[in-house]
Amino acid sequence: MDSTDTVRRPWEETASAGVSATKTLVLDGALTFASGRTITGVEVAYETWGRLHDDGSNAVLVCHALSGDSHLAGLRPGEDPGAAPGWWDVMVGPGKAIDTERYFVVCCNVLGGCSGTTGPSSIDPATGAPWGLRFPLVTIEDMVDVQARLLQALDVHRLLAVVGGSMGGMQALAWAKRYPDRVGSVVADATTWRLGAQAIAFNEVGRRAILEDPGFADGDYYGKETQPESGLGIARMIGHITYLSDESMHKKFGRRLQASADYAYDFVSEFQVESYLAYQGARFVERFDANTYLYMTKAMDYFDLQGGAPSLVEALRGVKARFLVLSFSSDWLFPTARSRELVAALREIGTEVTFAEIPSAYGHDAFLLEPEAQHRLIAPFLSNALRRAEAPTGGGPVDPA
Amino acid sequence: MTPRDLLRADQRFIADLVPQGARVLDLGCGDGALLARLRDERGAMVRGVEIDLANIARCVERDVPVYQGDLDEGLADVPDGRFDVVILSQTLQVVKRPRLVLTEMLRVGERSVVSFPNFGHWRVRAALALRGRMPVSEAIPYSWYDTPNIHHTTLTDFRDFCADCGAVIEQEIAFVGGEHGRARVVRWAPNLRADEAVFVLRRR
């Protein structure tokens, strides 16, 4: 029998996670932000897959990136079978790396988001109007605190693993530092322990495009005829360029023209790459909130795992989780060199850390587009995490035989 | 649990040299079989460095922490004296900068263990001297045009190299590795009769 016929490629099984509905939890009491500001009545939009073991040992939290939401995998209720599945469908489902038959998988929209969790587009109970820019500035740690409160409510007191890519990876790292006793393992995928000047610069250009759009109206554009569509669209276009690589853009578009064989000698959109970016921008505006874009990019800019510590190593002391750190060869926004700094610091404090750079031409987006290589690393990493958690000694390292 | 893996002959010699509970770094750790064995049977704290992604995935399956890296770039991330034992098994001959690699091993480890195929073995000498052919043998199983082995050495040359790098040879095991690893230690004229060797080194 040819073994290649029988080898399953679960990442190709679209929407195998099935149908899941978004649920909402209202947090009890107040939430205090890193900035010191406090709000009440925070709502958290979340979805779950799989079943939590009686001993609570198999919970995996997946954290989404800038434009993500709680809809991690599979379909929403009522959707056609052919509809686009959740944003990391390739990684989450039966037999996939984050196996919904083995793990209890939780994903929630982040604090400050615009897909169900309280953010700048939510109503400020004090005024009855949307928060807009009066919403407190959000940090990655604030997002993590909200996730911790959600998990308490779901009766999850210790995570088998936190998994996240890009901004989601920042949350995963923040989890390990902020709640060292509640995280067994961390998958930090295409992420960084802090952004460099170049990435902050791109974020700032995106924010400027929004802030200086006349339709932005200081963030109070909700319900108005004019929306900051142009600014948000441009911000997305800039962001999108940073998620790709020169090679992948060249392969996809080259210098090809969209409609005609000759130049128009006009400032219309002509090159295929131009119309692609315009399309990405326009589609993004339909589903995303401009204020949330400002808050998310700022949260990423502020994130610094070193915090006020004299070194990253000092900042990480006390971290107990095991780590799988993945980077992608063509990702210049979250470059391998920065991941290696993180790995070196984690090794220095004695944690068990595995690091690999996955070869890919897809740039930063590779974490969404290279399922097989990630599957082959993340699947056994989580599998071993579960084996350890189920061992009689508990979540600690395997006792030598 | 991970199944008990078959180790190569040199790896079995190396495994016997690692003390209980040692901190072990394996450079070019391959699929992690040796490190998994040292963890399970010696209670060793194990770390690997490996360049190949498929091998890294095998290490993850074995629950062996591994760091993707190129040995020819050194071990800048590893502080001095961090490990009790640093292993370089069947890897010396494939690195571009053997001197850098050995110097780094001596820096980060209390003991360094190096295994390599012996280019001084009589079959190798005979292939070249009598037949005029580049040697291909069980220990050196590649044709000249597709071999990853770019830095062959003999036991005698390696001893000189150690002295040159500031390494003291503590132990030397020369052997003939048989099929499926029934290896026989060679004590008399090892540079002629052994096709592989394991050296234990420390800083001078």
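The radius of gyration used here is taken over C-alpha atoms, and the globule rule that goes with it is 2.2 Å times the number of residues to the power 0.38. The model is a predicted one, in which local features need pLDDT of at least 70 and side-chain atom pairs count only at pLDDT 80 or more, while totals for chains, interfaces and linings use all residues. Residues are numbered from 1 along each chain as its sequence is written, and chains are lettered from A, with ligands numbered from 1, in the order in which they are written.

**Stop 1: chain A**

Select chain A, whose radius of gyration of 21 Å agrees with the value near 21 Å that a compact globule of 401 residues would have. Its C-alpha atoms fill a box of roughly 75 × 65 × 50 Å along the principal axes. Coloured by secondary structure, chain A shows twelve helices and 14 strands; helices (H or I, at least four residues) and strands (E, at least two) are DSSP runs, numbered from the N terminus. Of the 401 residues in chain A, 50% are buried, where buried stands for 20 or more other C-beta atoms within 10 Å of the residue's own, exposed for 12 or fewer, and partly exposed for the range in between, with C-beta atoms placed from the backbone.

**Stop 2: two helices within chain A**

Next select residues 197–211 and 290–302 of chain A, which are helices α4 and α8; their axes come within 10 Å and cross at roughly 160°, the axes being lines fitted to C-alpha atoms, for helices over the stretch in contact, with angles from 0 to 180 degrees between N-to-C directions. That angle makes α4(A) roughly antiparallel to α8(A), since angles under 35 degrees count as roughly parallel, over 145 as roughly antiparallel, 65 to 115 as roughly perpendicular and the rest as oblique. Show the side chains of Ile200(A), Asn203(A), Gly206(A), Arg207(A) and Ile210(A) in α4(A), which meet α8(A) residues including Tyr293(A), Leu294(A) and Met300(A); contact requires that the C-beta atoms of two residues, placed from the backbone, lie within 7 Å.

**Stop 3: Arg182(A)**

Move to Arg182(A), in the loop between α3 (167–178) and β12 (183–189) of chain A. With 18 C-beta neighbours inside 10 Å, Arg182(A) counts as partly exposed. Leaving aside residues up to four places away in sequence, Arg182(A) touches His157(A), Arg158(A) and Leu159(A).

**Stop 4: chain B**

Now select chain B, which has seven helices and eight strands. Its radius of gyration is 16 Å, close to the 17 Å that the globule rule gives for 204 residues, so chain B is as compact as a globular protein of that length. Buried residues account for 46% of chain B.

**Stop 5: where the chains meet**

Finally, display both chains: 15 residues of chain B are in contact with 18 residues of chain A. On the side of chain B that touches chain A, α3(B) gives the most, with five residues.

The contact is made by Ala373(A), Arg376(A), Leu377(A), Pro380(A) and Phe381(A) of α12(A), together with Leu53(B), Ala57(B), Val60(B) and Glu61(B) of α3(B).
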